[in-house]
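The sequence and structure come first.

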Amino acid sequence: MIETADVVIIGSGIVGSSVAYHLAEQGCTNVLVIEREAHQGKGSTGKSMGGVRAQFATDVNIQMSRYSIDFFSRFDEVVGYPADYRAHGYLFCANSEQHLDYLKTNRERQLALGVRNVELVSREDIVKFVPQLRADDILGGTFCPTDGFVDPHSVMMGFMLKARERGVRLWLDIQVTGIETELVGSGSAGAAPAPAAASSNSFPHRQVTGVNTTRGVISTRVVVNAAGPWAAEVARMAGAELPVEPLRRQLVPTEPFDKLPKRFPMVIDMSTGFHFRREGKGILLAWNDPEETPGFKTEFDPSFVEKILMRAASRVPCLVDAEVNPRRAWAGLYEMTPDHHAIIGPASNVAGLYFVNGFSGHGVMHSPASGRITADLILQGRSKLIDASQLSVKRFAEGRLLEETAVL
Ligand SMILES: Cc1cc2nc3c(=O)[nH]c(=O)nc-3n(C[C@H](O)[C@H](O)[C@H](O)COP(=O)(O)OP(=O)(O)OC[C@H]3O[C@@H](n4cnc5c(N)ncnc54)[C@H](O)[C@@H]3O)c2cc1C
């Protein structure tokens, strides 16, 4: 007998899991999530730094963060599983007037959108958070106490476990190898839930009819592409173009280090982009190498250690004493779009195909909002959370790019 589902989600990372959860919460439970790995979290989700912040530059990112951080603060109670949300804050440190003005402008926008607790801080305030910082060139910064961290693996598992309690099915170790479509004429999309794209497309158009997998064919009229860095490849299976490319990011944990406070915010040195936070007894060091080029590179490059330690020691001199074992460092893939914003919503040319991709480094923090928006679009054709048309893939063809400059 051929397997059927109202919605098939490709990918069970934090984003696919959130979509499954939000569909199930809205009563759509005949959902099948397909994951090619034997375990969840082997993609970008398992590599993430777990940072969550509302301190963004564009309205849509601020709105997505506001919803998501509020969700994380209630996650344990609402979802019934822990998210390990720690409101330790994000502290941006500016050492040029230009950066300080940028933070002030962003703060005005954040306040206007209801993120009311972003504070302007002086050099003296900054040093109180982390007395070991070299602050002679710091002019000030911003701090938001409800920014912080979550455990991405726990969030992903919480979403999926709850979705499965509601009836969602998860297939592990099964790869999606193709997406079937058919050419249809006017008014043909009859199955529930009706894909919003079907009604708005010009006719005749192509409609999703199923997916091919290593376990056979699944009949469905709605497919959600939640394939993380592999999203463009999955879109191509349906003949759709998706401007998402993988870009390596590397993280370096130190061995236990007690010369910095036990608790402090994520600190961002805006002069270099170097940022760091406490991870257990050690410190987690991050820096996005501007020389990195797109590609599926997931090996950690040992020469990165020296590059990052140089930036670390320049801002936090005591970090020269930190020990680093390169074997404990890791690399993963960001899913980058040309304007550093997610792509959420129906494909332009295939009815029933939905994208929730291209988070450009923010897929963990925006997972609650992106799951909710995707479920809304599939089930109701619109979302009350944000004007989702801003995130549509059409923006690239129409030249409506949304540039986010606060990318870490
Ligand atoms: C080093 C690093 C640090 C980061 N730090 C942060 C941070 O601090 N905060 C933040 O918000 N974000 C951060 N991110 C980004 C974040 O991790 C991602 O945006 C997020 O995890 C994307 O989740 P996803 O579910 O879309 O993708 P993934 O977790 O990659 O999941 C996609 C899944 O799809 C599966 N799949 C792909 N193709 C197929 C197929 N054909 N058939 C079946 N299954 C398939 C894959 O196996 C994978 O499990 C970081 C990323 C990296 C690499």
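## Asp376 and its helix

Asp376 lies in helix H9. Helices (H or I, at least four residues) and strands (E, at least two) are DSSP runs, numbered from the N terminus. The model is predicted, so local features need pLDDT of at least 70 and side-chain atom pairs count only at pLDDT 80 or more, while totals for chains, interfaces and linings use all residues. Residues are numbered from 1 along each chain as its sequence is written, and side-chain values use heavy atoms, with hydrogens and water left out.

With a relative accessible area of 2%, Asp376 is buried. Buried means under 20% relative accessible area, exposed over 50%, and partly exposed in between (1.4 Å probe, protein chains only). Apart from neighbours within four places in sequence, Asp376 is in contact with Gln26, Gly381, Arg382, Ser383 and Lys384; contact means heavy atoms within 4.5 Å.

## Helix H9

H9 covers residues 367–380, which makes 14 residues. From first to last C-alpha it reaches 19 Å, close to the 20 Å expected at 1.5 Å a residue. The expected span is 1.5 Å times one less than the number of residues in the helix.

How many of the 14 residues of H9 are buried? The count is 11, so H9 is largely enclosed by the rest of the structure. Just after H9 comes Gly381, with a positive phi of about 80 degrees.

## Helix H5

H5 also has 14 residues, which should span 20 Å at 1.5 Å a residue; the end C-alpha atoms of H5 are 20 Å apart, which agrees. Its buried residues are Pro152, Ser154, Val155, Met156, Gly158, Phe159, Met160, Lys162 and Ala163. These pack against helix H1 (14–25), strand E3 (31–34), H2, strand E9 (169–171) and H9. Gly167 follows H5 and has a positive phi, near 120 degrees.

Two packed helices are described by the angle between their axes and the distance between the axes. Axes are lines fitted to C-alpha atoms, for helices over the stretch in contact, and angles run from 0 to 180 degrees between N-to-C directions. Angles under 35 degrees count as roughly parallel, over 145 as roughly antiparallel, 65 to 115 as roughly perpendicular and the rest as oblique.

H2 (residues 59–79) and H5 (residues 152–165) pack at about 40 degrees, and their axes are 11 Å apart. The two helices are therefore oblique to each other. On the H2 side, Phe71, Phe72, Phe75 and Val79 meet Val155, Gly158, Phe159 and Lys162 of H5.

Against H9, H2 packs at an angle of about 110 degrees, with the axes 7 Å apart. H2 is thus roughly perpendicular to H9. Met64, Tyr67, Ser68, Phe71 and Phe72 of H2 make the contact with Ser367, Pro368, Ala369, Arg372 and Ile373 of H9.

## Cysteines

With a disulfide taken as a pair of cysteine sulfur atoms within 2.5 Å, the count comes to zero disulfides. Cys93 is in none, and the nearest cysteine sulfur, that of Cys144, is 14 Å away. That distance is too far for a bond. Cys93 counts as buried at 3% relative accessibility, and Cys144 counts as buried at 0%.

Most residues other than glycine have a negative phi. His340 has a positive phi, near 60 degrees. It lies in the loop between strand E18 (330–336) and strand E19 (343–346), and is partly exposed with a relative accessible area of 23%.

Ser360 also has a positive phi, near 50 degrees. This residue sits in the loop between strand E21 (353–357) and H9. Ser360 counts as buried, at 0% relative accessibility.

## Two C-alpha pairs

Ser96 is in the loop between strand E5 (90–94) and helix H3 (97–112), and at 21% relative accessibility it counts as partly exposed. Ser96 and Ser271 are 175 residues apart in sequence, while their C-alpha atoms are 8.0 Å apart in space.

Val127 belongs to helix H4 (residues 123–129) and counts as partly exposed, at 26% relative accessibility. Its C-alpha atom is separated by 9.8 Å from that of Ile138, 11 residues apart along the chain.
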